[in-house]
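Here is a short tour of one protein model, written to be read alongside its sequence and 3D view. Take a look at the picture first, then follow the sections below.

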Amino acid sequence: MKVTQAELVTSAVSSKQYPQEALPEIALAGRSNVGKSSFINKLINRKNLARTSSKPGKTQTLNFYRINGQFFFVDLPGYGYAKVSKTERERWGRFIEEYLTTRQQLQLICHLVDIRHKPTRDDQMMADWLQAMALPRLVIATKADKISKGKIAKHLKIVKETLQLAKDVPLIAFSAETGLGKEEVWAALKPYIDHKVPTTLENKSDSPPRGLA
C-alpha cells in the first residue's frame, strides 16, 4: 500500500475524545517497548510520525493515526511495564477495555510480541483475552532482524505454541529495520482497511475480564 498522507489526529483517554469519522480502525496492542511506534513508522515510510521512546510505559493515551484518509491505526498503551503504578495500570486498563469492547469502528487487533523471547505471561493473557472475545487479530513478531534468518521459523513456532494460536490467526515476522514482513502485513490488513463502517454507529455491550494493563 502506498501511503501519501498520515497524521496524528488525537490522543484520547475516553470515548468522548475518539474521532467521530466512520473509518475502519486497526488497533496495535503489545508490551511496552515491543516496537509499536516503529512498526507504524516503517509501514508508512515515515521516520517519526509515531514517536518512539527509550522509556517503556511512556505512552499513556490511545493515539489515533489517520492514514490516507482511509483508516486509522490506533496505538494502545503498552502493557506489562512493572514501574508503572498499580493505579495507573488500572486506569489504562479501563480505557483500553472501553475502546476494545465498545468501538464499532474497530476491525482488527495487531498483537505485537518480541520474536527474540518466548511470549510473556502478559502476552499470553492478551492472546487469551482476544481469543475469548473473538476479536479478529493478526500477530506480529517484531525485531526479527535481531535473530539470524535461519532461526526465524523456530522462534515463530515458539510464539505460536506459547500463545496457542488457532490456524486462522496470521503470524508474521517483522523488522522495522529491514522491512521484513512489511508487504505481508499490508496484504493481511487490506481486507480490514477496505471494510465499510456503518455511518450510524452503536456501542457494543459486551465486556471482557479486567486486568490487561
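## Surface and interior

The protein exposes about 11,100 Å², and carbon and sulfur atoms supply 47% of that area; accessible areas come from the Shrake-Rupley method with a 1.4 Å probe, and for residues only the protein chains shown count as cover. Of the 213 residues in the protein, 48% are buried. Here buried means under 20% relative accessible area, exposed means over 50%, and partly exposed is in between (1.4 Å probe, protein chains only).

A word on the source: this is a predicted model, in which local features need pLDDT of at least 70, side-chain atom pairs count only at pLDDT 80 or more, and totals for chains, interfaces and linings use all residues. Residues are numbered from 1 along each chain as its sequence is written, and side-chain values use heavy atoms, with hydrogens and water left out.

## Overall layout

You will find 5 helices and 7 strands in the protein. Both are DSSP runs numbered from the N terminus, helices being H or I with at least four residues and strands being E with at least two. Along the sequence they follow the pattern β-β-α-β-β-α-β-α-β-α-β-α.

Among contacts in the protein with a separation of 6 or more, 78% are between residues 24 or more positions apart. A contact means heavy atoms within 4.5 Å.

## The sheet and a helix across it

The 7 strands form an open sheet with mixed pairing, in the order β1-β3-β4-β2-β5-β6-β7. At its edges stand β1 (6-12) and β7 (171-173), each with a single partner strand, so one side of each has no neighbour in the sheet. From one strand to the next, the twist averages 25°. Two strands pair if DSSP finds at least two bridges between them. Strands β3 (residues 62-67) and β4 (residues 71-75) run antiparallel and are joined by 5 bridges; I67 has F71 in β4 as its bridge partner.

Helix α4 (residues 152-162) lies across β5 (106-114), β6 and β7, and runs at about 145° to β7. For such angles, axes are lines fitted to C-alpha atoms, for helices over the stretch in contact, and the angles run from 0 to 180 degrees between N-to-C directions.

## Two loop residues with positive phi

N33 is not a glycine, yet its phi is positive, near 70°. N33 sits in the loop between β2 (25-30) and α1 (36-44) and counts as partly exposed, at 46% relative accessibility.

A134, also not a glycine, has a positive phi of about 60°. Its loop lies between α3 (121-133) and β6 (137-142), and A134 is exposed, with a relative accessible area of 63%.
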